[in-house]
Amino acid sequence: MMKHRKKAQNMFVLRHLVVSAQILLTDGKVSNCLIHPGIRRAAHEKSKKEIEDAIAWWTYPMLTRSSLMHFDREYAAITPQNTEKQPHDQVLTRVRQILEKREFTIVLLNGTSIDDDKDYESGCNFVIGGTNLGRGVTFGQLNTFYYTRTSKSPNADTMWQHNRMFGYDRDPGLITMYSSRALYKLFAEINETNNSIIRQAQAGKKITIAYPDGLNPTRSNVLDKSLLNILVGGSNHFPSVPKNETTTQISDLVQQFSNDDPATEVSLKFISDILKHFKAEKEFNLDGYIKMIDSTRSENPMASGHILVRRNRDVTLGNRALLSPNDWKETNQFQDEFVLTLYKVSGEKNNGKSVWVPNIKLPMKKNFYII
């Protein structure tokens, strides 16, 4: 784990150096990198040491074949849209100059630091902080973001505040965010909730605010606890680590649906029966989703939903993106129904094991509470 963490830190430092070189070579004034390891000052000091170690790592072996290979990969990955991409050798020379002449700044922003906003107004900078970063602070040209802050009970409003750090003056072809899959998924689900709220407002519907199980809208002392763990209507949810009981049983249940079929109307009982053949990580309350469906069935035994089945999908489990744009569009037309999309994911990117992955789209017109 420690070796993997060090490698990741080395690579994100190199990425920021390459991006900074591109920006500075095209008359850009500043290129900032933000590291958000949490609220503890000890974590900030540790991150500063890790940045210094990574910079030292790249300073001296930059001429080796291995280092040049890593540089080549990062150079190929940047796709500037606001400026012309600079030649390979010029970017490499500028990276070496930043390293050898130490043309960078490591900035600490916390309750005891003496650094301020003037320290990241120009040049190549690595900004490290915690609570201070969520208090209306924005950063010019924040191109590289390393976010590892975790919480047992994350608050959506806090993470909304952190979104302000992303700013607006970016070149989309240069931005990179480094984070765990779980944190990335959490950010994405909060964003999806925001988009759903906008859609409801535009449609003139009663606006409901809801979040995935385990995410609180705000601090518990300012929240009506009866509204905890609401799931927003119209949103999509799927487990990061699904388990099939068994893959063959699920395949048999959906053999009648081909890869070319549009979303097909089926009974909610059928959808519920399929989901009972899955297990998922604790954070994904699969039993709660099944209870939602069964509760709707108890109100209307004839209630139906839709199912969409797709096989041989080349998707890496744990990534936020699951549904293809076409499948998202196909299922999203049934706004007030449960829609189950089943993807048979190939094993090429998943330890050689193919697996069915369920994606559950909730009806737009109802609120759902997972208890």
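This is a predicted model: local features need pLDDT of at least 70, side-chain atom pairs count only at pLDDT 80 or more; totals for chains, interfaces and linings use all residues.
Me: Which residue in β3 stands opposite Asn 32?
Reply: β1 covers residues 30–36 and β3 covers residues 123–129, and the two pair in the parallel sense over 6 bridges. Asn 32 faces another asparagine there, Asn 125.

Me: And on the β4 side, which residue stands opposite Ile 35?
Reply: β1 and β4 run parallel, with 5 bridges joining them. The residue opposite Ile 35 in β4 is Tyr 146.

Me: What is the bridge partner of Thr 144 in β5?
Reply: β4 and β5 also pair in the parallel sense, over 4 bridges. Thr 144 has a threonine for its partner in β5, namely Thr 176.

Me: Why is strand β4 described as largely enclosed by the rest of the structure?
Reply: To count as buried, a residue needs under 20% relative accessible area. Strand β4 spans residues 142–147, and it is largely enclosed because the number of buried residues is 6 of the 6.

Me: Which element gives the most to the largest nonpolar core?
Reply: That core holds 33 residues, and Val 13, Ile 51 and Phe 126 touch the most other members. Elements supplying at least two residues each include α1 (2–25), α3 (65–77) and α4 (88–100). With 10 residues, the top contributor is α1.

Me: Which residues does Ile 51 touch, not counting those up to four places away in sequence?
Reply: Ile 51 is one of the core residues that touch the most other members. Leaving out residues up to four places away, its contacts are Phe 12, Val 13, Ile 35, Ile 106, Phe 126 and Ile 128.

Me: What kind of pair do the rings of Phe 145 and Tyr 147 form?
Reply: A search of the whole structure turns up 8 aromatic pairs. For Phe 145 and Tyr 147 the centres are 5.6 Å apart and the planes sit at 65°. Edge-to-face needs over 60 degrees, so this pair is edge-to-face.

Me: How many residues apart in sequence are the parts tied together by Phe 257 and Phe 270?
Reply: These two form a tilted pair, 6.2 Å centre to centre with 55° between the planes. Phe 257 lies in the loop between α7 (247–253) and β9 (264–267), while Phe 270 is in helix α8. The pair therefore ties together parts whose separation in residues is 13.

Me: Is Phe 257 buried or exposed?
Reply: Its relative accessibility is 6%. Buried means under 20%, so Phe 257 counts as buried.

Terms used: Residues are numbered from 1 along each chain as its sequence is written. Side-chain values use heavy atoms; hydrogens and water are left out. Two strands pair if DSSP finds at least two bridges between them. Buried means under 20% relative accessible area, exposed over 50%, partly exposed in between (1.4 Å probe, protein chains only). A nonpolar core is a set of buried Ala, Val, Leu, Ile, Met, Phe, Trp, Tyr and Cys residues joined through side-chain atoms within 4.5 Å. Contact means heavy atoms within 4.5 Å. Rings of Phe, Tyr and Trp (its six-membered ring) pair if their centres lie within 6.5 Å; planes under 30 degrees apart count as stacked, over 60 as edge-to-face and the rest as tilted.
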